[in-house]
Amino acid sequence: MTADRVYIFDTTLRDGEQSPGASMNVEEKLRIAQQLERLNVDIIEAGFPIASKGDFEAVRLVAEKVRGCSIAGLARAKDADIDRAWEALKVAEDPRIHTFIATSPIHMQHKLRMEPEQVVEAAVAAVKRAAGYTSNVEWSAEDAGRTEIDFLCRIVEAVIKAGATTINIPDTVGYTLPFEFGERISALVERVPNMHKAIISVHCHNDLGLAVANSLSAVTNGARQVECTINGMGERAGNAALEEVVMAIQTRRDIMPFKTNVDATEITRASKLVSTITGFPVQPNKAIVGANAFAHESGIHQDGVLKKATTYEIMTPESVGLTTNRMVLGKHSGRHAFRDRLNQLGYRLDDDQLARVFIRFKALCDQKKELFDEDLEALVDDEVIRLRDYYHVKRLHVSYSPDKNPVATVEVASPDDESLRQGTHWGASGMVDSALKAVKAAIPEMSDSKLVFYQVHSITGGTDAQAEVTVRVELEEKTVNGQGADCDVVMASVKAFINALNKLAYKRDKGRNKPRSGV
Ligand code: KIV
Ligand code: ZN
């Protein structure tokens with residue numbers, strides 16, 4: 001460990017998933033974890049194993065498949081939590097048990113209903129139990145931002161003695177200000193006698209929009225691990241955004257002499273992947289990964305950037321992996337070049353997957369003059385990544401004229417029984433609305449599903465661009481996201497809706513203990 005190294009702990013799969021409506025299935029979590037591996041983060045918090053069977057499976061799968069970084073699982077200060085976390089993590093190359101308990105007066109009194117002394121005892125017992133499994137133990141003081149500093153110092157000293165190697169100081173409710181949070185970290189460095197035996201970590205929430213500022217203030221005061229999420233995902237206003245923390249450290253080395261091991265050129269891809277999978281769009285003016293983050297609109301700025309980019313750009317778009325609108329392949333490209341490009345984009349497809357995507361690629365070449373990386377990414381997402389083994393759309397017909405209500409007919413194939421179901425709907429308020437209602441007519445067992453979110457965005461420019469549609473659908477208290485891409489916006493909408501229905505069907509069958517093959 002070097003004194004200037006800051007460890008990046010990504011919690012997109014655990015705290016990020018706590019954003020309402022952002023739940024991901026096991027395969028989606030693995031895909032994100034594999035992208036985090038390419039991003040070269042130091043620790044991936046893959047979930048909270050005792051929380052549900054799905055969480056347990058996701059942590060175990062990520063622990064099994066992802067190499068080159070530590071995999072963490074969350075556990076309350078309870079034996080059952082710690083044992084379950086270890087069960088999921090033990091196959092990892094470098095497993096970490098992350099155990100936590102609240103330490104602020106308000107949490108201890110009203111939530112835990114425990115005396116401070118009991119909290120110290122529970123924290124020490126939890127760390128000892130975790131340390132019986134692994135030497136890589138992280139302990140968190142939940143609501144540390146509002147914890148009395150004397151008590152914080154006392155409990156930190158006790159858990160380090162019990163075997164904790166990382167001490168995490170969360171600003172759970174995003175309450176502190178940067179100078180105040182920084183002072184908290186330097187107080188720990190100065191006052192806890194065995195502090196040098198552990199790494200100080202911080203975990204800041206963004207309720208006042210200060211999560212990144214607080215994290216950086218902590219680093220300048222002695223913290224050497226930052227917990228963060230892609231796109232700042234997370235409960236309420238989210239967590240510190242990984243891309244902002246990393247790029248601030250990289251860009252301002254002149255006054256913050258620290259470094260991370262993150263490969264920043266993978267940031268844009270990670271951001272898009274998380275946004276696509278969760279259905280959480282990135283605001284256009286979001287730092288680093290927003291669509292406008294490197295766009296120069298005003299004439300004066302454009303003129304300056306053309307003369308010398310650094311006049312208005314403090315970092316290059318390439319440094320975060322933004323290579324927008326690069327024409328990559330066309331009609332005459334062969335399968336070999338196609339596979340090569342997908343490899344460069346980070347996809348590893350088997351022969352069967354490649355063959356399927358290649359057919360789609362050729363069809364898209366006939367529809368669209370120029371193909372960009374984003375088009376290829378959308379094709380792979382659509383053909384390989386999304387669950388499609390319950391229902392998939394075979395045919396769509398929509399007729400529309402300004403003086404008549406649209407009529408939509410869809411044919412949906414169900415590989416279960418190889419049957420083709422048809423549904424028709426007319427009289428709805430637009431072509432997309434008609435088409436989605438026709439899908440429901442074709443799949444009566446999903447007719448109670450409710451569309452709660454719909455968003456369309458153009459993957460590249462031009463009227464021949466592919467549309468990417470994200471939907472959020474609810475059924476029987478379950479919420480899922482679905483995505484679909486196509487050159488036609490109605491077809492993209494139908495694909496997204498059916499993708500969501502597939503996930504609901506999967507959840508329903510899992511609830512009946514009948515998981516599908518290949519899932
Ligand atoms: O915000 C928080 O306090 C947490 C802990 C469990 C680390 O997420
Ligand atoms: Zn948190």
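## A strand pair and its sheet

In β16, the residue that Val473 has as its bridge partner is Val480, and this detail comes from a model that is predicted. The strand β15, made of residues 467-475, pairs with β16 in the antiparallel sense, and nine bridges join the two. Another residue pair in this arrangement is formed by Ala467, which stands opposite Asp486 in β16. As a general rule, the strands of a sheet pair through backbone hydrogen bonds, and the pairing can be either parallel or antiparallel. Between β15 and β16 there is a hairpin with two residues between the strands, and here Glu476 takes a positive phi near 45°.

These strands belong to an open sheet of three strands, whose order is β14-β15-β16 and whose pairing is antiparallel. The edges of the sheet are formed by β14 (450-458) and β16 (478-486), and because each of them has a single partner strand, one side of each is left without a neighbour in the sheet. Neighbouring strands of this sheet are turned against each other by 15° on average, with direction ignored.

## What lies over the sheet

Helix α10, which covers residues 267-278, lies across β15 and β16 and runs at about 120° to β16.

## A mostly covered helix

Helix α9 (residues 242-251) is mostly covered, since seven of its 10 residues are buried. The buried residues in α9 are Leu242, Glu243, Val245, Val246, Met247, Ala248 and Ile249.

## The surroundings of ligand 1

Around ligand 1 stand the residues Arg14, Asp15, His98, Phe100, Ser140, Glu142, Asn168, Pro170, Thr172, His203 and His205. For Thr172, an N or O atom of the side chain is 2.6 Å from an oxygen atom of ligand 1. In His203, a polar side-chain atom lies 3.1 Å from an oxygen atom of the ligand, and in His205 a polar side-chain atom lies 3.0 Å from an oxygen atom of ligand 1.

How much of the accessible area that ligand 1 has on its own does the protein cover? On its own the ligand has 260 Å² of accessible area, and the protein covers 94% of it. The elements that give two or more residues to the shell around ligand 1 are the strands β4 (95-102), β5 (137-142) and β6 (166-171).

Asp55 is found in helix α2, which is made of residues 53-65. Is Asp55 buried or exposed? With a relative accessible area of 10%, Asp55 is buried, because a residue counts as buried when this value is under 20%. The side chain of Asp55 makes a polar contact, at 3.4 Å, with the side chain of Lys29. When residues up to four places away in sequence are not counted, Asp55 touches Glu17, Lys29, Gly47, Phe48 and Pro49.

Asn40 is found in the loop between α1 and β2 (43-47), and at 33% relative accessibility Asn40 counts as partly exposed. Arg236, in turn, is found in the loop between β8 and α9, and at 47% relative accessibility Arg236 also counts as partly exposed.

Ala295 sits in the loop between α10 and α11 (299-307), and with a relative accessible area of 47% it is partly exposed. The C-alpha atoms of Ala295 and Leu13 are separated by 30 Å, while the two residues are 282 places apart along the chain. Thr2 lies in the segment before β1 (7-10), and at 41% relative accessibility Thr2 counts as partly exposed. Thr2 and Lys259 are 257 residues apart along the chain, and their C-alpha atoms are separated by 9.7 Å.

Terms used
Residues numbered from 1 in each chain as written. Chains lettered and ligands numbered in written order. Predicted model: local features only at pLDDT ≥ 70, side-chain atom pairs only at ≥ 80, totals over all residues. Heavy atoms only, no water. Helix = DSSP H or I, 4+ residues; strand = E, 2+ residues; numbered from the N terminus. Buried < 20%, exposed > 50% of the residue type's maximum accessible area, 1.4 Å probe, protein only. Pairing = 2+ DSSP bridges. Axes fitted to C-alpha atoms, helices over the stretch in contact; angles between N-to-C directions. Contact = heavy atoms within 4.5 Å. Near = heavy atom within 4 Å. Polar contact = N/O pair within 3.5 Å; in protein donor to acceptor, adjacent residues only side chain to side chain. Areas by Shrake-Rupley, 256 points an atom, 1.4 Å probe, with all protein chains shown as cover.
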